[in-house]
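My entries follow in the order I made them.

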Amino acid sequence: MSDVRSGRLKVITVTDAAHLARIHRTAGLAQSANSADTVVDHVRGELVELLGLRACRSEYGTLMGRPPRLIEDGSVTGARGWARDDVELRAYGNGRYLGRFLLTPGPGPVPPLQARLVAVTLAGQTGAALDTAGPVGQG
């Protein structure tokens with residue numbers, strides 16, 4: 001596991017077994033998958049369930065627009081609390097921007113901080129997979 005990913009895991013005090021299982025499943029997939037797209041698809045599904053999203057899509061390459069952003073400390077920039085519209089969650093590999101998830105919030109409450117921190121960790125694992133294998137298609 002890279003120093004970046006292990007550092008993020010240290011920041012999160014995971015007390016929920018389901019959160020820990022998500023992180024471990026994704027880490028295992030990121031190490032064994034032949035395609036980064038497999039990891040991206042898996043993480044999209046995890047994010048929908050974890051954050052109670054209506055939808056989640058991934059984009060590679062350049063950034064378009066300035067949606068509110070879920071950042072490393074679990075807060076959302078550019079919005080008061082959890083946004084009503086899409087929230088951006090960026091994926092970095094070796095410090096380079098490689099892609100992002102656009103999260104469409106569901107009707108439920110604001111996801112708890114711990115869930116948002118796990119989401120950031122999952123995006124980091126995606127970034128590492130994209131850095132290693134690169135995207136094949138777009139989701």
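**Entry: terms first.** I take each axis as a line fitted to C-alpha atoms, for helices over the stretch in contact, and I read angles from 0 to 180 degrees between N-to-C directions. I note that the model is predicted.

**Entry: H2 against H4.** I looked up helix H2, residues 17–32, and helix H4, residues 113–133. Their axes are 10 Å apart, and the packing angle is about 5°. Angles under 35 degrees count as roughly parallel, so I log H2 as roughly parallel to H4. On the H2 side I listed His19, Arg22, Ile23, Thr26, Ala27 and Ala30. H4 answers with Gln114, Ala115, Val118, Thr121, Leu122, Gln125 and Ala129. I sorted the residues of this contact into seven nonpolar, five polar and one charged.

**Entry: H2 against H3.** Next I took the pair H2 and H3. I read an angle of about 170°, with the axes 10 Å apart. The cut-off for roughly antiparallel is over 145 degrees, so H2 goes down as roughly antiparallel to H3. From H2 I wrote down His19, Arg22, Arg25, Thr26, Leu29 and Ala30. From H3 I wrote down Thr38, Val39, His42, Val43, Glu46, Glu49 and Leu50. The contact of H2 with H3 divides into five nonpolar, four polar and four charged residues.

**Entry: the chain overall.** I counted four helices and five strands in the protein chain. Along the sequence the pattern reads α-α-α-β-β-β-β-β-α. The chain has 139 residues, and 45% of them are buried. I then checked contacts between residues at least 6 apart in sequence: 66% of these join residues at least 24 apart. The chain exposes about 7300 Å², of which carbon and sulfur atoms supply 52%.

**Entry: the core.** Nonpolar side chains tend to be buried together in soluble globular proteins. I looked for that here. The largest nonpolar core holds 30 residues. Leu47, Leu51, Leu70, Leu89, Phe101 and Leu103 touch the most other members. Which elements give two or more residues to this core? I found H2, helix H3 (36–51), S1, strand S4 (87–93), strand S5 (96–105) and H4. H4 gives the largest share, eight residues.

**Entry: Leu51.** I followed one of those core residues, Leu51. Leaving out residues up to four places away in sequence, Leu51 touches Trp82, Leu103, Pro111, Ala115, Arg116 and Ala119.

**Entry: Cys56.** I placed Cys56 in strand S1, residues 53–60. Is Cys56 buried or exposed? Its relative accessibility is 14%. Buried means under 20%, so Cys56 counts as buried. With residues up to four places away in sequence set aside, Cys56 touches Arg44, Leu47, Val48, Phe101, Leu102 and Leu103. I also checked Cys56 against Asp86, 30 residues apart along the chain. Their C-alpha atoms are separated by 8.8 Å.

**Entry: Thr126.** I went back to H4 for Thr126, which lies in that helix. Thr126 is buried, because its relative accessible area is 1%. Beyond its neighbours within four places in sequence, Thr126 is in contact with Val39, Val40, Val43 and Phe101.

Key. Residues are numbered from 1 along each chain as its sequence is written. This is a predicted model: local features need pLDDT of at least 70, side-chain atom pairs count only at pLDDT 80 or more; totals for chains, interfaces and linings use all residues. Side-chain values use heavy atoms; hydrogens and water are left out. Buried means under 20% relative accessible area, exposed over 50%, partly exposed in between (1.4 Å probe, protein chains only). Contact means heavy atoms within 4.5 Å. Angles under 35 degrees count as roughly parallel, over 145 as roughly antiparallel, 65 to 115 as roughly perpendicular and the rest as oblique. Ala, Val, Leu, Ile, Met, Phe, Trp, Tyr, Cys and Pro count as nonpolar, Asp, Glu, Lys and Arg as charged, and the others, Gly among them, as polar. A nonpolar core is a set of buried Ala, Val, Leu, Ile, Met, Phe, Trp, Tyr and Cys residues joined through side-chain atoms within 4.5 Å. Accessible areas come from the Shrake-Rupley method with a 1.4 Å probe; for residues, only the protein chains shown count as cover.
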